Amino acid sequence: MEFRDLKRQYEALKDKIDAALTGVAASGEFIGGQRVRELESELAEYVGVRHSVSCANGTDALVMALSAWGVTGGDAVFVPDFTFFATAEAVACAGATPVFVDVLPDTFNMDAESLEDAVRKVAAAGEYKPKAVIPVDLFGLPADYAAIKKVAESYGLLALEDAAQAFGGGIGDKRAGSFGDAAAVSFFPAKPLGCYGDGGAVFTDDDRTAAVIESLRCHGMGRDKYDNVRIGRNSRLDAVQAAVLLVKLEAFKAYELQSVNRIARRYTRGLSGIVKTPVIPDGYYSSFAQYTVTLESKRLRDALKLALKRRGIPSAVYYRRPLHAQRAFAHLPYDGGCPVAERLCDTALSLPMHPYLTDDEVDAVVCAVRECIEAQG
Ligand SMILES: *Cc1c(COP(=O)(O)O)cnc(C)c1O
């Protein structure tokens, strides 16, 4: 069994993907071009925003959105302590300082109270100017934007949604990628919508933000690539990735997203009462980049991971270290304000999850988890 079986997905989509790849080879159009424009317009329509600006990866999408807003040295940007490193790395790449905020034990997403607390402390200390917040839609589930935006508005913070793991997730009739002043998505192969390499996009309703990012991704271009009006970078999506994404987006919309949700419900039916299963609040929809359970202790979590491995079932620890404890951020102060993030690093375990898992495979994982937990007493 694979943790995320991309080969099975390829088998299912082989004819269309092969045709898409050879189509790019024959077109001679490798960077940008018609396929990229078509993808951007389909993505914007699906997410429900005015602009989708594709780029080389999700990390660049975050950095360029911050840069487009003028976030720079002396600014504080608030990020959850429990997320992939890139969320905070992007802040540092923009020249600003990440400030770590605790998360909620049920959804693993940013705790708006902890955010308000952190913003107040930074404002009172006066060393950095509170400028933006990056809520992460962790494991596919959107963060609590109603609560977070209230805090953002009262302190004048811009909100950048890190939807790298959440393409397809939603709240009510709104989709992930539409909740911030801008949002970043990643098309890394293992994400809910993945390409065959690196890829990413920024989503926004703001015309100016979109225009600046279009410039930034291509050497700060003005009228054209040889008219350079700002320092940018090289961060474009290539046509191979766009062609693959156009094929995969169709399957994603037609059945993959429903499939992971059906699998999640089957896991939850089998595992509730045995381990703590994912909590999806009313009105929320997850794209289940990960199906993550929590155990009562690190000992139990580690024992379960090992026991599953012995039975040939892969699992993953997202994340083993809170961001504040990463060596790259050792110079930043930490006042013990993220106990929930610390605990989740010790107790969370992600089980195999992808749209092509069979019911028999899901049942085999459920059975193995039950037996391992019972054996641990
Ligand atoms: C994957 C990921 C990113 C970075 O995306 P890349 O395309 O790998 O650069 C950023 N934030 C989160 C939460 C992620 O999971």
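A nonpolar core is a set of buried (under 20% relative accessible area, 1.4 Å probe, protein chains only) Ala, Val, Leu, Ile, Met, Phe, Trp, Tyr and Cys residues joined through side-chain atoms within 4.5 Å. The views show a predicted model in which local features need pLDDT of at least 70 and side-chain atom pairs count only at pLDDT 80 or more, whereas totals for chains, interfaces and linings use all residues. Residues are numbered from 1 along each chain as its sequence is written, and side-chain values use heavy atoms, without hydrogens and water.

**View 1. The largest nonpolar core has 70 residues.** Phe78, Phe167, Tyr267 and Leu351 have the most contacts inside this core. Helix α8 (residues 239-271) gives the most to the core, with 11 residues; helices (H or I, at least four residues) and strands (E, at least two) are DSSP runs, numbered from the N terminus.

**View 2. Surroundings of Leu351.** Beyond neighbours within four places in sequence, Leu351 is in contact (heavy atoms within 4.5 Å) with Phe3, Tyr267, Leu271, Tyr291, Val293, Leu308, Val365 and Val369. A second, separate core of 43 residues includes Ala65, Leu66, Ala132 and Val202.

**View 3. An open sheet of 7 strands, with mixed pairing.** The order is β1-β9-β8-β5-β4-β2-β3, where two strands pair if DSSP finds at least two bridges between them. β1 (51-55) and β3 (97-101) are the edge strands, each pairing on one side only.

**View 4. β1 and its partner β9 (residues 200-204).** The two strands pair in the antiparallel sense over 5 bridges; Ser52 has Phe203 in β9 as its bridge partner. Helix α2 (residues 34-47) packs on the sheet and touches β1 and β9. The direction of α2 makes about 130° with that of β1, with axes fitted to C-alpha atoms, for helices over the stretch in contact, and angles running from 0 to 180 degrees between N-to-C directions.

Definitions and conventions: Buried < 20%, exposed > 50% of the residue type's maximum accessible area, 1.4 Å probe, protein only.
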